[in-house]
Amino acid sequence: MHCKQKLSLPTMGCGTWAWGNRLLWGYRETMDRQLQAVFNLCVNNGVTLFDTGDSYGTGKLNGRSELLLGQFTREYQGPNQENICIATKLAAYPWRLTRQSMVNACKSSAKRLGRNVDLVQMHWSTANYAPWQEEILLNGIADLYEQGLVKGVGLSNYGPKRLLWAHKKLAQRGVAIATLQVQYSLLSTYPVTKLGIKDICDELGIKLIAYSPLALGLLTGKYSEEGPFPKGIRGPLFRYLLPEIKPLLTCLQQVAQARNKTMSQVAINWCICKGFIPIPGAKNVEQARENIGALGWKLDPAEIAQLDDSAATIKRVMVQNIFQTK
Ligand SMILES: NC(=O)c1ccc[n+]([C@@H]2O[C@H](COP(=O)([O-])OP(=O)(O)OC[C@H]3O[C@@H](n4cnc5c(N)ncnc54)[C@H](OP(=O)(O)O)[C@@H]3O)[C@@H](O)[C@H]2O)c1
């Protein structure tokens with residue numbers, strides 16, 4: 001018996017990685033209210049795809065991102081309510097060794113969300129370190145689809161070779177891959193320019209999702225090499241990259257000014273023009289509002305070429321996810 005429900009994907013989504021980690025920074029109640037306002041604004045404006053993961057908010061945070069998303073979904077009343085699509089990523093933890101462990105993981109996510117997951121995604125491939133584990137986990141994902149517990153199946157951090165392998169395995173179970181999520185932005189063109197993932201996905205009818213489309217905030221233009229730099233792992237990364245990416249930021253700024261848009265809006269719109277569904281993370285309503293302004297218009301081919309040419313000259317770019325496969 002195969003799942004008959006329809007999975008619908010909008011042009012843009014919203015990432016919620018930071019949501020799961022907010023607690024670390026305190027001010028929980030105020031923050032949660034702010035994130036709920038972000039959620040409401042997004043849905044109201046037709047941004048109805050929310051990406052989360054069962055590893056977002058680990059340890060004491062206890063699946064916080066999924067818990068918040070579930071609460072926000074239940075409490076939202078307004079336009080596009082029926083189009084809300086919750087995409088979660090199940091981690092390929094080393095202790096998940098049976099297909100039932102993936103089914104149980106998704107049921108736990110659904111419990112935190114208080115509703116079924118719409119799109120279940122394999123968070124990463126185990127090809128680089130435990131290739132034997134992966135088929136078992138993919139079978140668990142296929143079981144979820146067969147049992148009607150999810151509307152669609154997606155992958156994350158797969159390169160073309162492993163994608164074709166996974167496609168074959170899932171096809172044997174009669175399950176189509178709806179989406180593939182990779183790190184994609186003007187500072188992370190690798191999946192397309194080096195791996196050629198877009199052509200394969202187009203061939204297989206897989207929709208691409210661009211994660212970190214703002215290069216963790218670098219493409220917003222608000223950080224400069226003089227600092228201040230953000231706290232945490234972004235600090236040293238930004239310190240390392242900012243002096244080298246100036247020409248790209250200047251180009252982005254020029255295109256944005258000529259268009260009467262912001263740099264963030266141009267960076268996100270560029271992803272859309274490349275055929276991706278970007279899922280920028282927004283920490284507050286102002287950021288969400290600005291990012292929503294990336295919708296409803298399109299860069300023209302000359303602007304895209306200008307940005308592509310500039311991006312191609314940058315030698316230091318975003319580091320790829322360690323789980324990204326070939
Ligand atoms: N599949 C995977 O392995 C994977 C990996 C990473 C992420 N993801 C998904 O992708 C989503 C988005 O990626 P991301 O959060 O890593 O990176 P991102 O979307 O490139 O950057 C988000 C950060 O940029 C800043 N920002 C966003 N909009 C802004 C605006 N309009 N103006 C100024 N600053 C703005 C915020 O940080 P500050 O305000 O602190 O600068 C925000 O947290 C995540 O939430 C997650 O769902 C998936």
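1. The side chains of K169 and E135 meet in a salt bridge, with 3.6 Å from N to O; a salt bridge here is a side-chain nitrogen of Lys or Arg within 4 Å of a carboxyl oxygen of Asp or Glu. This pair links distant parts of the chain, since K169 belongs to helix α5 (residues 160-172) and E135 to helix α4 (residues 131-146), 34 residues apart. Helices are DSSP runs of H or I with at least four residues, numbered from the N terminus. By the salt-bridge rule the count comes to 16.

2. The model is predicted, and local features need pLDDT of at least 70, side-chain atom pairs count only at pLDDT 80 or more, and totals for chains, interfaces and linings use all residues. Residues are numbered from 1 along each chain as its sequence is written, and side-chain values use heavy atoms, with hydrogens and water left out.

3. Around the ligand there are 30 residues, of which the closest are D51, K222, Y223, R234 and K283; a residue belongs to this group if one of its heavy atoms lies within 4 Å of the ligand. By class, the shell holds 10 nonpolar, 14 polar and 6 charged residues, where Asp, Glu, Lys and Arg count as charged and Gly is among the polar ones. Helix α11 (residues 285-292) gives the most to this shell, with 3 residues.

4. An oxygen atom of the ligand is 2.7 Å from an N or O atom in the side chain of K283. Polar backbone atoms also take part, with a ligand oxygen 2.9 Å from one of T16 and a ligand oxygen 2.8 Å from one of W17.

Methods: A polar contact is a pair of N or O atoms within 3.5 Å; within protein, one must be able to donate a hydrogen and the other to accept it, and residues adjacent in sequence count only if both atoms are side-chain atoms. Helices (H or I, at least four residues) and strands (E, at least two) are DSSP runs, numbered from the N terminus.
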